[in-house]
Amino acid sequence: MLCTRLTNAHILTMDPDHPVAHDLGIWRGRIVGLDEAVTSLTAREVVDLQGATVLPGFIDSHVHMAWAGLKANTPSIAPCERVEDVLAVVADAAERKPPGAWVDIAGYDQRALGRHLTAAELDRVGHGRRLFLMHDSGHACVVNSAVLELLPADVPHEDGFLVESAMTAVRRLRLPYSQEEIADAVEHAARVCLAEGITAVAEAGIGGGLLGHSPVELGAYQLLRDQGRLPLRVQLMAAGDTLSPRAAHRDDGIPRALDLGLRTGFGDDWLSLGALKIYTDGGMMARTAALTAPYEGMTTTGQLQDEPERIAELIVDGHLAGWQLAVHAIGDRAADLALDALERAQDLRPRPEARHRIEHAGLIRPDQLPRFARLGLSAVVQPNFLRYFGDDYSRIMGERRAPWMYRGRGFLDHGVTLVGSSDRPVTDGSPLRAVQFMVERASLSGRRIGPDEAVTVDEALHAYTVAGAYACRWDDTAGSLSPGKRADFVVLGDDPRRVDPARIGDIEIVATYVDGHRARTGKA
(Lines give C-alpha, C1' and ligand atoms only; values in the text may rest on other atoms or scores of the structure.)
Protein backbone atom coordinates (compact mmCIF):
# COMPACT_ATOMS: atom_id res chain seq x y z
CA MET A 1 0.00 0.00 0.00
CA LEU A 2 1.17 3.51 -0.83
CA CYS A 3 1.04 6.41 1.60
CA THR A 4 -0.07 8.80 -1.16
CA ARG A 5 -0.76 8.67 -4.87
CA LEU A 6 -0.99 11.75 -7.01
CA THR A 7 -3.28 11.21 -9.96
CA ASN A 8 -4.68 13.14 -12.91
CA ALA A 9 -1.58 15.36 -12.85
CA HIS A 10 0.75 16.85 -15.45
CA ILE A 11 4.06 15.82 -13.86
CA LEU A 12 7.27 17.25 -15.34
CA THR A 13 9.75 14.89 -13.70
CA MET A 14 13.00 16.47 -15.01
CA ASP A 15 14.11 12.86 -15.53
CA PRO A 16 14.99 12.21 -19.20
CA ASP A 17 14.14 8.52 -18.79
CA HIS A 18 10.51 9.37 -17.94
CA PRO A 19 10.02 13.10 -18.64
CA VAL A 20 6.23 13.36 -18.20
CA ALA A 21 3.88 11.38 -15.96
CA HIS A 22 0.26 11.47 -14.79
CA ASP A 23 0.51 9.43 -11.55
CA LEU A 24 3.15 9.36 -8.81
CA GLY A 25 3.31 7.05 -5.80
CA ILE A 26 4.80 7.92 -2.41
CA TRP A 27 5.86 5.67 0.46
CA ARG A 28 7.55 6.99 3.61
CA GLY A 29 8.69 10.22 2.00
CA ARG A 30 10.11 8.63 -1.14
CA ILE A 31 8.87 8.24 -4.69
CA VAL A 32 8.23 4.57 -5.39
CA GLY A 33 7.01 4.76 -8.98
CA LEU A 34 5.29 6.59 -11.80
CA ASP A 35 2.24 5.92 -13.96
CA GLU A 36 1.46 2.22 -14.54
CA ALA A 37 3.90 1.18 -11.82
CA VAL A 38 1.57 2.71 -9.19
CA THR A 39 -1.88 3.24 -10.72
CA SER A 40 -3.12 -0.19 -9.64
CA LEU A 41 -1.77 0.11 -6.09
CA THR A 42 -4.00 1.10 -3.18
CA ALA A 43 -3.08 4.22 -1.22
CA ARG A 44 -4.10 5.70 2.10
CA GLU A 45 -4.56 9.04 0.33
CA VAL A 46 -5.29 9.72 -3.32
CA VAL A 47 -4.83 13.33 -4.43
CA ASP A 48 -6.62 14.21 -7.67
CA LEU A 49 -4.76 17.24 -9.03
CA GLN A 50 -7.26 17.80 -11.86
CA GLY A 51 -4.55 18.36 -14.46
CA ALA A 52 -2.34 20.67 -12.39
CA THR A 53 1.36 20.84 -13.22
CA VAL A 54 3.84 19.21 -10.83
CA LEU A 55 7.59 19.89 -10.78
CA PRO A 56 10.39 18.77 -8.46
CA GLY A 57 10.66 21.13 -5.50
CA PHE A 58 12.81 24.10 -6.41
CA ILE A 59 16.28 24.18 -4.89
CA ASP A 60 17.61 27.61 -3.95
CA SER A 61 21.34 26.99 -3.89
CA HIS A 62 22.44 30.28 -2.32
CA VAL A 63 20.39 31.94 0.45
CA HIS A 64 20.81 33.78 3.74
CA MET A 65 17.93 32.48 5.84
CA ALA A 66 18.76 34.06 9.19
CA TRP A 67 19.39 37.45 7.58
CA ALA A 68 16.13 37.15 5.60
CA GLY A 69 14.10 36.30 8.68
CA LEU A 70 15.68 39.00 10.83
CA LYS A 71 15.28 41.59 8.08
CA ALA A 72 11.57 40.81 7.78
CA ASN A 73 11.09 41.92 11.39
CA THR A 74 13.45 44.91 11.35
CA PRO A 75 12.38 48.55 10.79
CA SER A 76 13.05 49.37 7.14
CA ILE A 77 13.77 52.57 5.29
CA ALA A 78 13.32 50.91 1.87
CA PRO A 79 10.28 53.00 0.82
CA CYS A 80 12.08 56.28 1.61
CA GLU A 81 13.62 58.42 -1.14
CA ARG A 82 14.40 61.53 0.93
CA VAL A 83 17.04 61.81 3.62
CA GLU A 84 14.65 63.51 6.05
CA ASP A 85 12.18 60.62 5.71
CA VAL A 86 14.93 58.10 6.43
CA LEU A 87 16.02 60.01 9.52
CA ALA A 88 12.42 60.11 10.77
CA VAL A 89 12.20 56.28 10.58
CA VAL A 90 15.56 55.93 12.33
CA ALA A 91 14.53 58.37 15.07
CA ASP A 92 11.32 56.45 15.74
CA ALA A 93 13.19 53.12 15.92
CA ALA A 94 15.83 54.59 18.24
CA GLU A 95 13.25 56.01 20.63
CA ARG A 96 11.83 52.50 21.09
CA LYS A 97 15.16 51.16 22.38
CA PRO A 98 16.82 51.77 25.77
CA PRO A 99 19.84 54.11 25.93
CA GLY A 100 23.04 52.47 24.69
CA ALA A 101 21.19 49.71 22.79
CA TRP A 102 21.87 48.65 19.23
CA VAL A 103 19.26 49.76 16.71
CA ASP A 104 19.14 47.73 13.49
CA ILE A 105 17.65 49.34 10.39
CA ALA A 106 17.08 47.45 7.13
CA GLY A 107 16.55 48.58 3.56
CA TYR A 108 19.50 50.95 3.17
CA ASP A 109 20.45 51.66 -0.45
CA GLN A 110 22.25 54.87 -1.37
CA ARG A 111 20.89 54.69 -4.92
CA ALA A 112 17.41 55.58 -3.68
CA LEU A 113 18.73 58.68 -1.90
CA GLY A 114 21.31 59.79 -4.44
CA ARG A 115 24.11 59.69 -1.84
CA HIS A 116 25.19 58.00 1.36
CA LEU A 117 23.98 59.08 4.78
CA THR A 118 26.60 60.36 7.21
CA ALA A 119 27.38 59.59 10.81
CA ALA A 120 26.64 63.21 11.71
CA GLU A 121 23.12 62.95 10.27
CA LEU A 122 22.48 59.77 12.23
CA ASP A 123 23.86 61.36 15.40
CA ARG A 124 21.05 63.91 15.30
CA VAL A 125 18.40 61.19 15.61
CA GLY A 126 20.26 58.47 17.51
CA HIS A 127 19.38 59.54 21.07
CA GLY A 128 22.56 57.88 22.33
CA ARG A 129 21.79 54.51 20.74
CA ARG A 130 24.16 52.58 18.48
CA LEU A 131 22.73 52.81 14.96
CA PHE A 132 23.47 50.13 12.36
CA LEU A 133 21.94 50.59 8.91
CA MET A 134 22.63 47.46 6.83
CA HIS A 135 23.06 47.95 3.10
CA ASP A 136 20.69 45.79 1.08
CA SER A 137 23.67 44.17 -0.65
CA GLY A 138 25.07 42.84 2.62
CA HIS A 139 28.43 44.38 1.75
CA ALA A 140 28.22 47.76 3.47
CA CYS A 141 26.61 49.70 6.30
CA VAL A 142 26.23 53.17 7.77
CA VAL A 143 26.68 53.78 11.50
CA ASN A 144 26.67 56.74 13.85
CA SER A 145 29.43 58.08 16.07
CA ALA A 146 28.36 55.91 18.99
CA VAL A 147 29.47 52.91 16.93
CA LEU A 148 32.54 54.52 15.35
CA GLU A 149 33.89 55.23 18.83
CA LEU A 150 33.96 51.49 19.55
CA LEU A 151 35.98 50.60 16.44
CA PRO A 152 39.76 50.39 16.28
CA ALA A 153 41.29 53.52 14.79
CA ASP A 154 42.60 51.69 11.74
CA VAL A 155 39.16 50.59 10.50
CA PRO A 156 38.49 52.74 7.40
CA HIS A 157 35.20 54.55 6.84
CA GLU A 158 33.83 57.56 5.00
CA ASP A 159 31.68 59.64 7.35
CA GLY A 160 30.23 56.49 8.90
CA PHE A 161 29.94 54.46 5.69
CA LEU A 162 31.86 51.17 5.91
CA VAL A 163 32.31 48.42 3.33
CA GLU A 164 33.39 44.77 3.31
CA SER A 165 35.97 43.95 6.02
CA ALA A 166 35.29 47.29 7.73
CA MET A 167 31.61 46.39 7.94
CA THR A 168 32.62 42.99 9.31
CA ALA A 169 34.41 44.82 12.13
CA VAL A 170 31.13 46.56 13.00
CA ARG A 171 29.20 43.30 12.90
CA ARG A 172 31.66 41.73 15.33
CA LEU A 173 30.72 44.46 17.80
CA ARG A 174 27.01 43.81 17.21
CA LEU A 175 27.12 39.98 17.45
CA PRO A 176 26.18 37.47 18.64
CA TYR A 177 22.48 36.89 18.18
CA SER A 178 20.98 34.17 20.37
CA GLN A 179 20.31 30.72 18.95
CA GLU A 180 16.59 31.12 19.66
CA GLU A 181 16.53 34.44 17.79
CA ILE A 182 18.34 32.91 14.82
CA ALA A 183 16.09 29.84 14.86
CA ASP A 184 12.92 31.97 14.79
CA ALA A 185 14.30 33.99 11.88
CA VAL A 186 15.25 30.90 9.89
CA GLU A 187 11.84 29.31 10.43
CA HIS A 188 10.13 32.48 9.18
CA ALA A 189 12.30 32.61 6.06
CA ALA A 190 11.77 28.90 5.43
CA ARG A 191 7.98 29.33 5.37
CA VAL A 192 8.37 32.08 2.78
CA CYS A 193 10.55 29.76 0.68
CA LEU A 194 7.90 27.03 0.83
CA ALA A 195 5.30 29.51 -0.43
CA GLU A 196 7.51 29.99 -3.50
CA GLY A 197 7.77 26.25 -4.20
CA ILE A 198 11.23 25.84 -2.66
CA THR A 199 11.84 22.60 -0.76
CA ALA A 200 15.60 22.80 -0.14
CA VAL A 201 18.15 25.59 0.31
CA ALA A 202 21.87 26.06 0.77
CA GLU A 203 22.67 28.60 3.48
CA ALA A 204 25.64 30.57 2.11
CA GLY A 205 27.91 31.04 5.10
CA ILE A 206 27.35 30.69 8.82
CA GLY A 207 29.48 31.37 11.87
CA GLY A 208 31.68 34.10 10.41
CA GLY A 209 32.42 36.18 7.36
CA LEU A 210 30.26 39.11 6.36
CA LEU A 211 26.90 37.59 7.27
CA GLY A 212 27.39 35.17 10.15
CA HIS A 213 25.21 35.78 13.21
CA SER A 214 26.93 33.76 15.94
CA PRO A 215 30.06 31.65 16.40
CA VAL A 216 27.70 28.81 17.38
CA GLU A 217 25.18 29.49 14.59
CA LEU A 218 24.92 25.85 13.50
CA GLY A 219 23.30 25.14 16.86
CA ALA A 220 20.29 27.28 15.89
CA TYR A 221 19.57 25.00 12.95
CA GLN A 222 20.02 21.93 15.14
CA LEU A 223 17.58 23.50 17.59
CA LEU A 224 14.98 23.79 14.82
CA ARG A 225 15.65 20.21 13.75
CA ASP A 226 15.35 18.88 17.32
CA GLN A 227 12.10 20.78 17.89
CA GLY A 228 10.55 19.64 14.60
CA ARG A 229 10.45 23.23 13.35
CA LEU A 230 12.74 22.89 10.33
CA PRO A 231 10.17 22.92 7.50
CA LEU A 232 12.47 22.35 4.53
CA ARG A 233 15.86 20.86 3.83
CA VAL A 234 18.90 23.00 4.64
CA GLN A 235 22.51 22.59 3.69
CA LEU A 236 24.88 24.80 5.64
CA MET A 237 28.02 26.39 4.25
CA ALA A 238 30.64 27.20 6.86
CA ALA A 239 32.25 30.61 6.38
CA GLY A 240 35.89 30.34 5.35
CA ASP A 241 37.16 32.19 8.39
CA THR A 242 35.69 29.54 10.71
CA LEU A 243 38.56 27.24 9.75
CA SER A 244 41.59 27.29 12.04
CA PRO A 245 45.09 25.80 11.76
CA ARG A 246 45.02 22.24 13.08
CA ALA A 247 47.91 19.99 14.06
CA ALA A 248 46.73 17.09 11.94
CA HIS A 249 49.02 14.27 10.91
CA ARG A 250 51.37 15.47 8.19
CA ASP A 251 50.27 12.64 5.89
CA ASP A 252 46.68 13.94 6.02
CA GLY A 253 47.70 17.11 4.24
CA ILE A 254 45.04 19.11 6.08
CA PRO A 255 46.43 22.56 6.99
CA ARG A 256 43.27 23.88 8.69
CA ALA A 257 39.82 22.61 9.60
CA LEU A 258 36.69 23.12 11.66
CA ASP A 259 36.66 21.75 15.19
CA LEU A 260 36.64 17.93 15.12
CA GLY A 261 37.55 18.01 11.43
CA LEU A 262 33.96 18.41 10.19
CA ARG A 263 33.68 18.98 6.46
CA THR A 264 31.31 18.70 3.47
CA GLY A 265 28.87 15.79 3.78
CA PHE A 266 28.16 15.63 7.51
CA GLY A 267 24.45 15.45 8.41
CA ASP A 268 21.21 13.88 7.18
CA ASP A 269 18.45 14.48 4.63
CA TRP A 270 17.13 17.51 6.52
CA LEU A 271 20.22 19.28 7.85
CA SER A 272 23.73 18.81 6.56
CA LEU A 273 27.10 20.48 6.13
CA GLY A 274 27.85 21.55 2.60
CA ALA A 275 30.51 23.69 0.98
CA LEU A 276 33.05 26.03 2.53
CA LYS A 277 32.05 29.61 1.66
CA ILE A 278 34.98 31.87 0.75
CA TYR A 279 34.64 35.56 -0.16
CA THR A 280 36.93 37.15 -2.72
CA ASP A 281 35.24 40.52 -3.40
CA GLY A 282 32.18 42.63 -2.66
CA GLY A 283 29.05 43.41 -4.69
CA MET A 284 27.89 45.52 -7.61
CA MET A 285 25.19 47.29 -5.61
CA ALA A 286 27.78 48.64 -3.18
CA ARG A 287 30.29 49.19 -6.04
CA THR A 288 32.78 46.85 -4.36
CA ALA A 289 32.78 43.91 -6.82
CA ALA A 290 36.40 43.62 -7.99
CA LEU A 291 36.75 44.48 -11.70
CA THR A 292 39.68 44.55 -14.08
CA ALA A 293 38.52 47.95 -15.42
CA PRO A 294 36.75 50.76 -13.54
CA TYR A 295 33.02 51.04 -13.11
CA GLU A 296 31.54 53.17 -15.90
CA GLY A 297 31.97 56.86 -15.09
CA MET A 298 33.96 56.09 -11.91
CA THR A 299 37.61 55.58 -11.00
CA THR A 300 37.09 52.65 -8.65
CA THR A 301 37.58 49.03 -9.67
CA GLY A 302 36.01 47.69 -6.47
CA GLN A 303 38.00 45.73 -3.94
CA LEU A 304 39.03 42.30 -2.77
CA GLN A 305 38.12 41.16 0.73
CA ASP A 306 41.76 40.60 1.72
CA GLU A 307 45.21 40.43 0.22
CA PRO A 308 44.94 38.20 -2.87
CA GLU A 309 47.63 35.86 -1.58
CA ARG A 310 45.71 35.25 1.64
CA ILE A 311 42.46 34.57 -0.20
CA ALA A 312 44.21 32.17 -2.58
CA GLU A 313 45.85 30.39 0.35
CA LEU A 314 42.47 29.83 2.01
CA ILE A 315 41.02 28.45 -1.23
CA VAL A 316 43.94 26.05 -1.63
CA ASP A 317 43.84 25.00 2.04
CA GLY A 318 40.10 24.36 1.87
CA HIS A 319 40.56 22.17 -1.18
CA LEU A 320 43.42 20.25 0.43
CA ALA A 321 41.29 19.68 3.54
CA GLY A 322 38.62 17.91 1.46
CA TRP A 323 35.97 20.62 1.26
CA GLN A 324 33.71 21.43 -1.61
CA LEU A 325 34.33 25.15 -2.11
CA ALA A 326 31.74 27.85 -2.79
CA VAL A 327 33.81 30.86 -3.81
CA HIS A 328 32.03 34.21 -3.88
CA ALA A 329 33.31 36.06 -6.96
CA ILE A 330 31.17 38.74 -8.56
CA GLY A 331 33.63 40.86 -10.55
CA ASP A 332 35.88 39.51 -13.29
CA ARG A 333 39.04 40.37 -11.33
CA ALA A 334 37.71 38.34 -8.41
CA ALA A 335 36.89 35.50 -10.80
CA ASP A 336 40.50 35.55 -12.07
CA LEU A 337 41.72 35.17 -8.50
CA ALA A 338 39.30 32.32 -7.81
CA LEU A 339 40.11 30.48 -11.03
CA ASP A 340 43.86 30.79 -10.50
CA ALA A 341 43.63 29.50 -6.92
CA LEU A 342 41.32 26.62 -7.82
CA GLU A 343 43.60 25.59 -10.67
CA ARG A 344 46.59 25.61 -8.32
CA ALA A 345 44.66 23.59 -5.74
CA GLN A 346 43.70 20.94 -8.29
CA ASP A 347 47.30 20.75 -9.48
CA LEU A 348 48.49 20.11 -5.92
CA ARG A 349 45.86 17.47 -5.17
CA PRO A 350 43.56 16.50 -8.04
CA ARG A 351 39.97 16.08 -6.86
CA PRO A 352 37.85 15.93 -10.03
CA GLU A 353 34.81 15.01 -7.92
CA ALA A 354 35.06 18.13 -5.74
CA ARG A 355 32.20 20.02 -7.47
CA HIS A 356 33.61 23.41 -6.56
CA ARG A 357 31.26 26.33 -7.19
CA ILE A 358 31.61 29.99 -8.08
CA GLU A 359 28.91 31.93 -6.28
CA HIS A 360 27.35 34.79 -8.28
CA ALA A 361 29.75 34.84 -11.27
CA GLY A 362 28.33 38.31 -11.82
CA LEU A 363 30.69 39.55 -14.54
CA ILE A 364 32.49 36.83 -16.48
CA ARG A 365 34.58 37.71 -19.53
CA PRO A 366 34.42 35.47 -22.61
CA ASP A 367 37.97 34.22 -22.02
CA GLN A 368 37.02 33.00 -18.52
CA LEU A 369 34.25 30.67 -19.68
CA PRO A 370 36.57 27.87 -20.92
CA ARG A 371 38.40 27.96 -17.59
CA PHE A 372 35.14 27.37 -15.70
CA ALA A 373 34.55 24.30 -17.88
CA ARG A 374 38.11 22.99 -17.63
CA LEU A 375 38.02 23.16 -13.82
CA GLY A 376 34.60 21.49 -13.64
CA LEU A 377 33.04 24.44 -11.81
CA SER A 378 29.35 25.20 -11.34
CA ALA A 379 28.19 28.79 -11.81
CA VAL A 380 25.63 29.64 -9.11
CA VAL A 381 23.92 32.75 -10.47
CA GLN A 382 21.09 35.02 -9.27
CA PRO A 383 18.93 35.94 -12.27
CA ASN A 384 16.64 38.16 -10.20
CA PHE A 385 19.54 40.56 -9.61
CA LEU A 386 19.22 41.66 -13.22
CA ARG A 387 15.43 41.52 -13.18
CA TYR A 388 15.34 44.08 -10.33
CA PHE A 389 18.72 45.86 -10.55
CA GLY A 390 19.58 45.32 -14.20
CA ASP A 391 19.12 48.90 -15.34
CA ASP A 392 21.56 50.14 -12.70
CA TYR A 393 24.03 47.30 -13.23
CA SER A 394 24.01 47.81 -17.00
CA ARG A 395 24.77 51.48 -16.55
CA ILE A 396 27.76 50.92 -14.26
CA MET A 397 29.15 48.10 -16.44
CA GLY A 398 28.72 49.94 -19.75
CA GLU A 399 27.66 48.69 -23.15
CA ARG A 400 30.63 46.37 -23.71
CA ARG A 401 30.47 44.54 -20.38
CA ALA A 402 26.72 44.48 -19.68
CA PRO A 403 26.16 41.32 -21.80
CA TRP A 404 28.66 39.43 -19.60
CA MET A 405 26.57 39.78 -16.44
CA TYR A 406 24.96 36.74 -14.78
CA ARG A 407 25.31 34.66 -17.90
CA GLY A 408 23.12 31.77 -18.94
CA ARG A 409 23.74 30.59 -22.50
CA GLY A 410 27.47 31.28 -22.30
CA PHE A 411 27.90 28.86 -19.41
CA LEU A 412 25.72 26.16 -20.95
CA ASP A 413 27.42 26.36 -24.35
CA HIS A 414 30.78 25.80 -22.65
CA GLY A 415 29.51 22.79 -20.70
CA VAL A 416 29.40 24.61 -17.34
CA THR A 417 26.68 23.57 -14.89
CA LEU A 418 24.31 26.56 -14.58
CA VAL A 419 22.66 26.76 -11.15
CA GLY A 420 19.87 29.15 -10.18
CA SER A 421 19.61 30.83 -6.79
CA SER A 422 18.34 34.00 -5.11
CA ASP A 423 20.81 35.30 -2.48
CA ARG A 424 17.69 36.20 -0.51
CA PRO A 425 17.04 38.66 1.08
CA VAL A 426 19.07 40.83 -1.28
CA THR A 427 16.13 40.69 -3.68
CA ASP A 428 12.96 38.73 -4.49
CA GLY A 429 13.60 35.02 -4.06
CA SER A 430 10.90 33.60 -6.36
CA PRO A 431 12.36 30.88 -8.62
CA LEU A 432 9.60 31.35 -11.18
CA ARG A 433 10.39 35.04 -11.55
CA ALA A 434 14.04 34.11 -11.98
CA VAL A 435 13.11 31.51 -14.60
CA GLN A 436 11.19 34.21 -16.45
CA PHE A 437 14.24 36.47 -16.49
CA MET A 438 16.51 33.67 -17.68
CA VAL A 439 14.23 33.20 -20.68
CA GLU A 440 13.46 36.87 -21.42
CA ARG A 441 16.63 38.57 -20.09
CA ALA A 442 14.46 41.64 -19.39
CA SER A 443 14.57 43.95 -16.37
CA LEU A 444 11.40 45.33 -14.80
CA SER A 445 11.67 48.35 -17.11
CA GLY A 446 11.70 46.03 -20.12
CA ARG A 447 15.37 46.57 -20.90
CA ARG A 448 16.96 43.53 -22.54
CA ILE A 449 20.25 42.69 -20.81
CA GLY A 450 22.54 40.36 -22.70
CA PRO A 451 19.75 38.84 -24.80
CA ASP A 452 22.22 36.36 -26.31
CA GLU A 453 22.52 34.83 -22.82
CA ALA A 454 18.84 33.77 -22.80
CA VAL A 455 18.08 30.09 -22.17
CA THR A 456 15.02 27.94 -22.78
CA VAL A 457 12.32 27.37 -20.14
CA ASP A 458 13.47 23.77 -19.75
CA GLU A 459 17.07 24.89 -19.21
CA ALA A 460 15.99 27.46 -16.64
CA LEU A 461 13.88 24.91 -14.74
CA HIS A 462 16.85 22.53 -14.88
CA ALA A 463 18.97 25.22 -13.14
CA TYR A 464 16.54 25.28 -10.18
CA THR A 465 16.07 21.51 -9.92
CA VAL A 466 18.56 19.05 -11.37
CA ALA A 467 21.52 21.46 -11.41
CA GLY A 468 20.73 22.73 -7.91
CA ALA A 469 20.77 19.16 -6.63
CA TYR A 470 24.09 18.54 -8.36
CA ALA A 471 25.70 21.68 -6.91
CA CYS A 472 24.56 20.69 -3.41
CA ARG A 473 25.60 17.06 -3.89
CA TRP A 474 21.98 15.96 -3.57
CA ASP A 475 21.66 14.51 -7.07
CA ASP A 476 21.08 10.96 -5.82
CA THR A 477 18.07 12.06 -3.74
CA ALA A 478 16.66 15.28 -5.23
CA GLY A 479 16.32 17.39 -8.36
CA SER A 480 14.00 15.08 -10.30
CA LEU A 481 10.84 13.11 -9.57
CA SER A 482 12.38 9.68 -10.04
CA PRO A 483 11.75 6.44 -8.15
CA GLY A 484 13.84 6.30 -4.99
CA LYS A 485 14.21 10.06 -4.64
CA ARG A 486 12.62 12.31 -2.03
CA ALA A 487 8.96 13.16 -2.49
CA ASP A 488 9.65 16.90 -2.60
CA PHE A 489 7.59 18.69 -5.24
CA VAL A 490 5.60 21.79 -6.09
CA VAL A 491 2.12 22.00 -7.62
CA LEU A 492 1.71 24.88 -10.05
CA GLY A 493 -1.34 26.58 -11.46
CA ASP A 494 0.07 26.34 -14.99
CA ASP A 495 2.90 24.80 -16.99
CA PRO A 496 5.85 27.24 -17.34
CA ARG A 497 6.64 25.69 -20.72
CA ARG A 498 3.18 26.40 -22.14
CA VAL A 499 2.48 29.97 -21.04
CA ASP A 500 3.83 33.17 -22.52
CA PRO A 501 7.27 33.76 -20.91
CA ALA A 502 6.05 37.10 -19.57
CA ARG A 503 3.53 35.16 -17.41
CA ILE A 504 5.92 32.62 -15.87
CA GLY A 505 6.65 34.68 -12.77
CA ASP A 506 2.94 35.02 -11.99
CA ILE A 507 2.09 31.31 -12.10
CA GLU A 508 0.34 30.35 -8.87
CA ILE A 509 2.11 28.11 -6.38
CA VAL A 510 -0.83 25.86 -5.46
CA ALA A 511 1.00 23.69 -2.90
CA THR A 512 4.46 22.61 -1.83
CA TYR A 513 5.19 19.10 -0.59
CA VAL A 514 8.21 18.04 1.45
CA ASP A 515 8.76 14.39 2.32
CA GLY A 516 5.40 13.61 0.73
CA HIS A 517 3.48 15.94 3.04
CA ARG A 518 1.84 19.22 2.13
CA ALA A 519 3.83 21.98 3.80
CA ARG A 520 2.52 24.89 5.81
CA THR A 521 3.86 27.96 4.01
CA GLY A 522 4.40 31.59 4.83
CA LYS A 523 1.33 32.74 2.90
CA ALA A 524 -0.90 35.13 4.79
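**Entry 1: helix α2.** I looked up helix α2 (residues 83-95) in this predicted model and worked out that its 13 residues, at 1.5 Å a residue, should span 18 Å, which agrees with its end C-alpha atoms being 18 Å apart. The expected span is 1.5 Å times one less than the number of residues, and I took helices (H or I, at least four residues) and strands (E, at least two) as DSSP runs, numbered from the N terminus.

I then listed the buried residues of α2, which are V83, V86, L87, V90, A91, A93 and A94; buried means under 20% relative accessible area, with a 1.4 Å probe and protein chains only. Seen down the axis of α2, these residues fall within an arc of 165 degrees, so they line one face of the helix; the arc is taken from the directions from the helix axis to the C-beta atoms.

**Entry 2: strand β17.** I noted that nine of the nine residues of strand β17 (residues 271-279) are buried. Strand β14 (residues 233-239) runs parallel to β17 and is joined to it by five bridges, where pairing needs at least two bridges found by DSSP. I also found that A239 has K277 of β17 as its bridge partner.

β17 and strand β18 (residues 325-329) run parallel as well, joined by four bridges, and the partner of I278 in β18 is V327.

**Entry 3: how I read the model.** I numbered residues from 1 along each chain as its sequence is written, and side-chain values use heavy atoms, without hydrogens and water. Local features need pLDDT of at least 70 and side-chain atom pairs count only at pLDDT 80 or more, while totals for chains, interfaces and linings use all residues.

How values were computed: Buried < 20%, exposed > 50% of the residue type's maximum accessible area, 1.4 Å probe, protein only.
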